[in-house]
Each structure stands twice: as C-alpha cells, then as structure tokens.
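Please keep the display open while I talk.

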Amino acid sequence: MKQYLSLAVGLFAITAAGPLAAGSSPQAAPAPQQQNVPAGNAANGRKLFVSFGCYQCHGYEAQGSTATGPRLAPRPIAYAQFMKYVRHPTNEMPPFTEKTVKDAELIDIYAFLRAQPAPPDVDKIPLLK
C-alpha cells in the first residue's frame with residue numbers, strides 16, 4: 001500500500017508541476033550554467049513579466065500554481081526551450097509572437113526568472129517543524 005501511495009503522490013507532483021517545471025523541484029541541485037544565454041536586465045524583466053500579464057498565471061515571483069500555470073523560477077528551463085515555448089506554446093498559454101514581445105524583452109524576462117532566489121529548505125521553516 002505504501003508503494004502505491006508514493007507512486008500516486010509522485011505522479012500527482014509531476015502532473016501538477018506542468019510541462020515547464022518537469023524535472024525540477026525546490027530541493028533539486030542547481031542547474032549547471034547554461035550555454036549561450038544572453039545577459040539580460042532582471043529588474044526590467046520583472047516589470048515586463050507584470051506588464052505582459054505573465055504574473056496572472058505564474059504568480060508575481062514566477063512561483064506558479066497548480067490551478068493556473070507552472071512554476072517558472074528559480075531554475076527556469078533552458079533558454080532555447082523557453083524562447084520556443086513562449087512563441088509556440090503547447091498547452092493553454094497563448095502564443096507571444098515577436099510583434100507582441102520582442103526577443104530583447106524575453107531576454108530580460110528570462111534574466112528575471114534566473115535571478116529568482118531558491119526557496120528555503122523545508123527544514124529551515126519554523127512553522128513546518
């Protein structure tokens with residue numbers, strides 16, 4: 001019975017996380033430095049994240065929600081995948097074409113996602129003890 005419960009919880013966690021967050025958890029080791037990631041302005045990226053309405057589904061800190069949209073930060077998917085998904089999403093997210101969001105703006109948004117701090121370790125949250 002314990003094995004089935006663990007499997008069910010694991011499958012729920014994978015399903016709830018969504019396609020952009022698959023394979024990443026708050027306790028996962030930090031991703032190695034990605035190659036070919038252009039530098040962006042994280043402060044401007046935060047402003048753009050809000051102005052384009054990304055926060056409505058992904059939350060103001062890109063933390064995501066099982067009800068509206070997957071977690072995007074603190075360890076976002078690879079830059080090339082991010083750009084491809086934003087332009088041609090496969091789920092409920094609307095496409096953001098170059099006419100709507102310029103590549104330079106997406107670079108800043110990606111910098112914002114990368115700049116988000118990792119959540120605290122569960123063992124270090126007093127209310128959870």
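Let me start with burial: of the 129 residues in the protein chain, 29% are buried, where buried means under 20% relative accessible area, exposed means over 50%, and partly exposed lies in between, with a 1.4 Å probe and protein chains only. Residues are numbered from 1 along each chain as its sequence is written, and side-chain values use heavy atoms, with hydrogens and water left out.

The chain has 5 helices and 0 strands, so called because helices are DSSP runs of H or I with at least four residues and strands are runs of E with at least two, numbered from the N terminus. The accessible surface, taken from the Shrake-Rupley method with a 1.4 Å probe and, for residues, with only the protein chains shown counting as cover, comes to about 8,800 Å², and 62% of that belongs to carbon and sulfur atoms. If we take contact to mean heavy atoms within 4.5 Å, then among contacts with a separation of 6 or more, 67% are between residues 24 or more positions apart.

Now to confidence, for which I use pLDDT, the predictor's confidence in each residue on a scale from 0 to 100. The chain has a mean pLDDT of 80, with 73% of its residues reaching 70 or more. Where pLDDT is low, the predicted coordinates should not be read in detail.

Let me turn to helix α5, which covers residues 103-115 and reaches 18 Å from its first C-alpha to its last, close to the 18 Å expected at 1.5 Å a residue, the expected span being 1.5 Å times one less than the number of residues. Its buried residues, including L106, I109, F112 and L113, pack against α2 (42-51) and α4 (79-87). On the α4 side, the buried residues, among them Y79, F82 and M83, pack against α5.

Which residues have the most contacts inside the largest nonpolar core? They are F49, A62, F82, L106, I109 and L113, in a core of 19 residues, a nonpolar core being a set of buried Ala, Val, Leu, Ile, Met, Phe, Trp, Tyr and Cys residues joined through side-chain atoms within 4.5 Å. Helices α2, α4 and α5 each supply at least two residues of this core, and the largest share, 6 residues, comes from α5. Leaving aside residues up to four places away in sequence, I109 touches G45, L48, F49, F52 and F82.

Finally, the cysteines: a search of the whole structure finds 0 disulfides, a disulfide being a pair of cysteine sulfur atoms within 2.5 Å. C54 is in no disulfide, and the nearest cysteine sulfur, that of C57, is 8.8 Å away. C54 counts as buried because its relative accessibility is 18%, whereas C57 is partly exposed, with a relative accessible area of 36%.
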